[in-house]
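Me: I have a new structure open and would like to learn how to read it. Could you go through it with me, feature by feature?

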Protein chains: 4
Amino acid sequence: MSFNVFGVYMIQMTLIQIDNYGPWTVTPTPRTESDLQILQSELFADVQRQFATKKGLVFFTRFDNMLAVTNGINKEDHFRIQRSIRNRYPITISMGVGAAKTPYEAQKKATIALQKAGGAQSAQRKEILAIDSLVDPEDSFVQMAHIDINGVTKSLTDIVTAFDTNFLVNKAQHHLMTKLIEKGALLFFIGGDNFMSPCNGLSPEDLKEIIKEIDEKIDIKHKAGVGRSDNAEDSAYLADLGLEHIRDGNNQEIICVLNQDYLKHIKEG
Amino acid sequence: MSFNVFGVYMIQMTLIQIDNYGPWTVTPTPRTESDLQILQSELFADVQRQFATKKGLVFFTRFDNMLAVTNGINKEDHFRIQRSIRNRYPITISMGVGAAKTPYEAQKKATIALQKAGGAQSAQRKEILAIDSLVDPEDSFVQMAHIDINGVTKSLTDIVTAFDTNFLVNKAQHHLMTKLIEKGALLFFIGGDNFMSPCNGLSPEDLKEIIKEIDEKIDIKHKAGVGRSDNAEDSAYLADLGLEHIRDGNNQEIICVLNQDYLKHIKEG
Amino acid sequence: MSFNVFGVYMIQMTLIQIDNYGPWTVTPTPRTESDLQILQSELFADVQRQFATKKGLVFFTRFDNMLAVTNGINKEDHFRIQRSIRNRYPITISMGVGAAKTPYEAQKKATIALQKAGGAQSAQRKEILAIDSLVDPEDSFVQMAHIDINGVTKSLTDIVTAFDTNFLVNKAQHHLMTKLIEKGALLFFIGGDNFMSPCNGLSPEDLKEIIKEIDEKIDIKHKAGVGRSDNAEDSAYLADLGLEHIRDGNNQEIICVLNQDYLKHIKEG
Amino acid sequence: MSFNVFGVYMIQMTLIQIDNYGPWTVTPTPRTESDLQILQSELFADVQRQFATKKGLVFFTRFDNMLAVTNGINKEDHFRIQRSIRNRYPITISMGVGAAKTPYEAQKKATIALQKAGGAQSAQRKEILAIDSLVDPEDSFVQMAHIDINGVTKSLTDIVTAFDTNFLVNKAQHHLMTKLIEKGALLFFIGGDNFMSPCNGLSPEDLKEIIKEIDEKIDIKHKAGVGRSDNAEDSAYLADLGLEHIRDGNNQEIICVLNQDYLKHIKEG
């Protein structure tokens, strides 16, 4: 796999949407909020576990709408997950799937495919599996950046209030999202001070530039491990290893990029 | 319960923090991201279910640090939840508890109590239960606002891409947080286009003003149901009913406030 | 609390039954077996967690029908659990509650109360909460025996096949059930080589006799810790401590009975 | 696929064992029983979900020792499940895998492979994956019988006590196990009045004979759907369809056998 990420490499994304969820939450009267919170987070954990057995990775996004990187996961796999949810939850899910050169374009195709099948709050639309496109194995490519905030525990968690830390992490998210979306990259909060960015097509230089600009603008310093492979799981793992590498060097570097062949290197090493 | 919310009414908040979580996630090598996502969301669902049996409400916040409104939940209850997590997860949790007139002050006391017991990434600190203060039953008061975006399904979900909707919801969150924190109120994303704001001490007029300012600044229209009772569950439910009331009136109102006695009204009606 | 267990002490039991479950599992066609297994075990875990926050203990029994010891858990508590399940599962549950001097009589009252409200496979009967009787705090008493097989790991798990061990454990269960039911006591498998027997009204001498008879008949040696308190959780814990006590003495004793005041002894010790 | 099941068709079984579980449950003092029950049932649900994504089927067995039919599931798949459990539970699991002409022989090979690696309560043995043998795709064959009790709801659930029904179901299980094990077949309780029997090598005539003998001996009438395919999921589904077929004929038949080609028939029909 070459360093050039502007090839024909394709990322596949799936939009997972609870059918007619809003109306359900208030029928016949508003359902207990704690129950809805449990339902949503268990549904997320559940689809995560199922996509993860095939090396996919799901982001909770808005919970009633989740986005996942699903290279290598086919129609039958998607159908089986829908069936499994229908059998165990009071709600059903519809999905749209799209493949493109950038994550933004891929989720756009996935969204349009699903929107064509009916509205999110249509009582008629149920358990749609709308596939715009799937990535062929030989074109499969996922670039994933794991971005975190430098020294958040020492600089925030242990000294300011829990909500203030939360506020600053959310502020960082807002600024990262704003910058990355311009480059066709997505950004998801994954807990703590961590963000994961599917970012096919984004060059390391551009990512470094974005991190610098945010530091200048809001005085929050990030670093990023970037992983590249043919699936979400391995790319996320390589991104994690990249972050560890930067930490080992006392955060002197801002970016560390690792390619798929590095995994072989580890297994053999 | 009078309309005046600037009395001696107190809200109790609990900070729930995974002990030494950051280091654990990368020991001995980075753990699979999908597993961490499942662990975090199941832990949230789990503590939610346990606090909810006593009418508390937990917000996922940063997942490794969660904030909860816990009026009516005592030391023994907190201890039993810690024990339950220790017995079923590979990690343990520490907690800080604080009571104050505003949610911001309450979580601040909770945070400080826990910080005094050691750092979040200290290998020594484990399963601390640091109680700064608990609310007495006669002082117990929770004001909760359920805020959502007007017509998000028609104006966003069904016409723009899933990530663009997510981006706009996050933008709204950032602006709401920024304004509310100045008033001592907190804001948490609870999925979809919904936010929950523990907001003791915030007047309906100030909340309406904030919503108007945000509409002018970023062109996103919100509405809010506000509930008031002596516990988180009932206040959240009253807030939901308030929202429904506004929807029934075609979103002509921006705010609808309901007090605890409204619940009796429903049960008897 | 005196040693005499034939007083006015009462145990409370709840029957938890999935409404109209059989027909649902094959509608419109048989649902995937793995999904049903997951649904059933997660439902059990879920009601367990909710009853456990109030010191109850649920046994999986037949999964679609579960029995629980619920001393100290009132009507409102039961209702909240039903609501919570309705909001998060594709099925609903009905419950019957009964109180009596023996567990057998208590579950009989609970069963009859529910049967009167309609059949388990009636499409009309839904979310019934049929309370025959609740135990008053001053009468509340739970005697629980934790019974296991001596040295099962060395004598079975590590030398015979997994299924043969399973077969022998099931055989032991069948014989224990047969003997205990004659004394008004129940028996539930709780995993491994462990059984839990709610057994108000059973004397230690009778339990010892049963264990000896089974040893003679099928050559399987059991031991039992017996706990007594006013709730299921503490009695089960005292029973566990009793078993540990017997193990510490190299299984010389067959029975060890511990009363509630032993808990204070530990906490103060 | 011919009707003759005495060919070279092979079934693959996996023994899943919690490492050093017994000692863990009482260290440093006995852990709360409700927590252990939740841990065990959630672990079962979790491995079920993961094996199920590859068409396997897990039986809870003794919970600390589970048996699964795993045709088509390879070494890497097993390893990934072990890793996933290690990352989210306070315990780890070891596995043994064996393939043979009968389920009994397959689980025997799986057990022996794991026993060779160390005892179930050895503190040294951890996360072993001991593979005796895997089934080749061309030899893969699973015969599964879904056995239930005729009219259990009308004859038991709705008229006798919940525990008496449970007692009779357990009695039926004990007798079915005793007879089936002689033929190299296994039997697992799967809830309600249902049993699942992996039974490669058992002829329909022998199964019918066993059901008749049990009716004569203990006056409990069973029926059985039998499914045959190259994986656990499809065989269990065919067995379910077989049971439905018998029910449609008012239980006149005792056995109904369906082969894999019947699935195509449905999909095309």
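Reply: Gladly! Keep in mind that this is a predicted model. Let us begin with overall form: a compact globule of 269 residues would have a radius of gyration near 18 Å, and chain A has 19 Å, so the two agree.

Me: What does the C-alpha trace of chain A span along its principal axes?

Reply: About 55 × 50 × 35 Å. Inside that outline, chain A holds nine helices and 10 strands.

Me: How many of the residues of chain A count as buried?

Reply: For burial we count the other C-beta atoms within 10 Å of a residue's own, and 20 or more make it buried. In chain A, 58% of the 269 residues count as buried. Taking contacts in chain A between residues at least 6 apart in sequence, 65% join residues at least 24 apart.

Me: Which domains does the assignment give for chain A?

Reply: Domain 1 covers 11-139 and domain 2 covers 142-268. Their C-alpha centres lie 25 Å apart. Where they meet, 16 residues of domain 1 of chain A are in contact with 17 residues of domain 2 of chain A.

Me: Which elements of chain A each supply at least two residues of the side of domain 1 that touches domain 2?

Reply: They are β2 (57-59) and α4 of chain A. The largest share comes from α4(A), with four residues. By residue kind, this side of domain 1 of chain A divides into seven nonpolar, six polar and three charged residues.

Me: Now the copies. How are two copies of a chain related?

Reply: The general idea is a rotation about an axis and a shift along it. The same surface serves both copies, as 100% of the contact residues of chain B recur in chain A.

Me: How many residues does the contact take from chain B and from chain A?

Reply: The contact takes 57 residues from chain B and 57 residues from chain A. On the chain B side, the elements giving two or more residues are α2, β3 (65-69), α4 (103-116), α5 (152-157), α6 (162-181) and α8 (232-248). Of these, α2(B) gives the most, with 12 residues. This side of chain B divides into 23 nonpolar, 23 polar and 11 charged residues.

Me: Let us turn to the backbone. Which residues does a cis peptide bond join in chain B?

Reply: To spot one, look at the angle omega of the bond. In chain B, a cis bond joins T27(B) and P28(B), with omega about -5°. P28(B) sits in the loop between α1 (21-25) and α2 (33-52) of chain B. Chain D also has a cis peptide bond, from T27(D) to P28(D), with omega near -5°. There, P28(D) lies in the loop between α1 (21-25) and α2 (33-52) of chain D.

Me: And phi? What is the phi of E127(A)?

Reply: E127(A) has a positive phi of about 55°, although it is not a glycine. You will find E127(A) in the loop between α4 (103-116) and β5 (129-131) of chain A. Another case is F63(C), also not a glycine, with a positive phi of about 70°. F63(C) belongs to the loop between β2 (57-59) and β3 (65-69) of chain C.

Me: Are these two residues buried or exposed?

Reply: Count the neighbours again. E127(A) has 14 C-beta neighbours inside 10 Å, so it counts as partly exposed. F63(C) has 22 other C-beta atoms within 10 Å, so it is buried.

Me: Could we finish with one residue in a helix? Where does I218(B) lie?

Reply: I218(B) is in helix α7 (residues 204-218) of chain B. I218(B) counts as exposed because it has 12 C-beta neighbours inside 10 Å. Leaving out residues up to four places away in sequence, I218(B) touches K171(B) and H175(B). The C-alpha atoms of I218(B) and A172(B) are separated by 8.0 Å, while the two residues are 46 residues apart along the chain.

How values were computed:
Residues are numbered from 1 along each chain as its sequence is written. Chains are lettered from A and ligands numbered from 1 in the order in which they are written. This is a predicted model: local features need pLDDT of at least 70, side-chain atom pairs count only at pLDDT 80 or more; totals for chains, interfaces and linings use all residues. Two residues are in contact if their C-beta atoms, placed from the backbone, lie within 7 Å. Domain bounds come from an automatic or database domain assignment. Ala, Val, Leu, Ile, Met, Phe, Trp, Tyr, Cys and Pro count as nonpolar, Asp, Glu, Lys and Arg as charged, and the others, Gly among them, as polar. The radius of gyration is taken over C-alpha atoms; the globule rule is 2.2 Å times the number of residues to the power 0.38.
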